[in-house]
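Please examine the sequence and the structure shown below. The briefing after them is arranged by topic.

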Amino acid sequence: MDQIKIVGGNRLVGNIPISGAKNAALPLMIASLLTDDRLTLKNVPNLADVNLLSRILRNHGVDLAVDGKRPGVTHLGETFHLTARDIVDTTAPYEMVSRMRASFWVLGPLLARMGQARVSLPGGCAIGTRPVDLHLDGLRALGAEIDIDAGYVIAKAPKGLRGGRVLFPKVSVGATHNVLLAATLAKGETVIENAAREPEVGDVAACLVKMGCQIDGIGTSTLHVQGCNRLEGAVHTVLPDRIETGTFAYAVAATGGDVTLEHTRIDLLEKALEVLDNVGATVTPTNTGIRIVRNGDGINPVTIETQPFPGFPTDLQAQLMALVTTARGTSVIRETIFENRFMHVQELARLGADIRLHGDTATIKGMPELQGAPVMATDLRASVSLVIAGLVAKGETTINRVYHLDRGFERLEEKLTRCGANIVRVGAG
Ligand code: EPZ
């Protein structure tokens, strides 16, 4: 199993190209199930999760072709052509869905197009229990009959789905995707209230509009979706990855560096960048992206809680914690989205961080420095927080179980190395 070895202490200086957003690419790929026409997606990141979803979609009958890369042309994501002319299988099996939660989102589109779907429950996950009740209640509001049998959701709508009113009692990105995708082929209008406003939901909605669906309220918490008989093919470019952007921004601030993050946008992560400003870094928009600089003064402590968009994202909580482990004072971070998203705490402690946990709140006393040590990646965002800590720690940090990183960060070591980081991947044998 591969390991990542980092010798900390180098400032990050240079440019980093930001990839397409994993959490938009996945539901966009799933949207291909809604039409027998070709859906072309540009700027798709080359990630383990994307490759796994490709296999799942092929299993349903989606024909997937990836454009070849031309030598000498800057790599800016891949172009996927997805055509679901015939859905050959409406079952998404346990072996696949259990490995990636987002694959559960095939439920809505399969049900809407085929009138039936059998999708394995995704099960628990390292960061919390993560139930699917909101997905199922939302689809029931569109007329679906749903049973659970032997770990599978069996959903039926023999006469097709019909538009309805869905009021989510809690904001859920995944349930919003599932119901939005299904509503495009339902009869009549669906109103989704308390919908997730994450930019990835807006990106999927924008693609569905290109496919011929009328959707009002994109970017707000109330979506009006006019269902139609048939969707068409479209060409869509995946929006930049705001979590990757925030992660590198925090890494630059942690090392006291100066880096321009290319092909990304400030409006995707205003709250996360505002926090960076409070920490003591300078954030400046450029023609092509965002420049992050921190030099001279130390890191200020912060008090923050995670919230659905436009609040501070849970997917950057671990990275922010790594950043403030060396702040001049005590920071307080409260996690309100997932009940068990603090597994990075004990690993950061191995590097010398002083962090106390009380329920959903972590109190981080800034230390003058961290010391490199062997650590273990536990989930995607937790593992990249260890990379940030390793970049500032004195001496060598070895990160084990780096396959978690490959699920969501494209060419991480390469992007950091070109800015001066001492980071290598080694096979552990
Ligand atoms: C999406 O997960 C993201 N995944 C997560 O990113 C992200 O952390 C999360 O949204 C929150 O922003 C993808 O986009 C692929 P939720 P999702 O449904 O949709 C509860 C990463 O690192 N809930 O918005 O699964 C749930 O338990 C990943 O890239 C219910 O109670 O998250 C949680 O407490 C990790 N019932 C809260 O809602 C439900 O039916 C928000 O979860 C569904 C969710």
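Predicted model: local features only at pLDDT ≥ 70, side-chain atom pairs only at ≥ 80, totals over all residues.

Residues are numbered from 1 along each chain as its sequence is written, and side-chain values use heavy atoms, with hydrogens and water left out.

**Domains**

- The domain assignment of the protein chain gives domain 1 (2-18 + 240-427) and domain 2 (22-236); such bounds come from an automatic or database domain assignment.
- The centres of domain 1 and domain 2, taken over C-alpha atoms, are separated by 30 Å.
- Contact, which means heavy atoms within 4.5 Å, links 23 residues of domain 1 with 21 residues of domain 2.

**The largest nonpolar core**

- A nonpolar core is a set of buried Ala, Val, Leu, Ile, Met, Phe, Trp, Tyr and Cys residues joined through side-chain atoms within 4.5 Å.
- Buried means under 20% relative accessible area, exposed over 50%, and partly exposed in between, with a 1.4 Å probe and protein chains only.
- In the largest nonpolar core there are 144 residues, and those with the most contacts inside it are Leu 180, Leu 208, Tyr 250, Leu 320 and Val 387.
- Helix α8 (residues 242-255) supplies the largest share of this core, 8 residues; helices (H or I, at least four residues) and strands (E, at least two) are DSSP runs, numbered from the N terminus.
- This core lies between domain 1 (2-18 + 240-427) and domain 2 (22-236), because both give residues to it.
- Apart from neighbours within four places in sequence, the residues in contact with Tyr 250 include Ala 272, Phe 312, Leu 320 and Ile 388.
- In soluble globular proteins, nonpolar side chains tend to be buried together.

**The ligand and its surroundings**

- The ligand is surrounded by 24 residues, of which the closest are Asp 133, Ser 172, Asp 315, Ile 337 and Arg 381; a residue counts here if one of its heavy atoms lies within 4 Å.
- An N or O atom in the side chain of Asp 133 is 2.7 Å from a nitrogen atom of the ligand.
- Oxygen atoms of the ligand lie 3.2 Å from a backbone N or O atom of Pro 131 and 2.8 Å from a backbone N or O atom of Leu 134.
- On its own the ligand has 820 Å² of accessible area, and the protein covers 90% of this; the areas come from the Shrake-Rupley method with a 1.4 Å probe.
- Two or more residues of the shell around the ligand come from each of α1 (22-31), α5 (133-141), α6 (173-183) and α12 (380-392).
- The most is given by α5, with 3 residues.

**Helix α12**

- Of the 13 residues of α12, 12 are buried, among them Arg 381, Val 387 and Ile 388.
- Asp 379 caps the N-terminal end of α12, with a side-chain oxygen 3.1 Å from the backbone nitrogen of Arg 381.

**Two residues of strand β5**

- Leu 82 is placed in strand β5 (residues 78-83), and its relative accessible area of 0% means that Leu 82 is buried.
- Leaving out residues up to four places away in sequence, Leu 82 touches residues including Met 29, Leu 57 and Val 62.
- His 81 also has its place in strand β5 and is buried, with a relative accessible area of 12%.
- A polar contact at 2.9 Å joins the side chains of His 81 and Thr 40; the term denotes a pair of N or O atoms within 3.5 Å, where within protein one must be able to donate a hydrogen and the other to accept it, and residues adjacent in sequence count only if both atoms are side-chain atoms.
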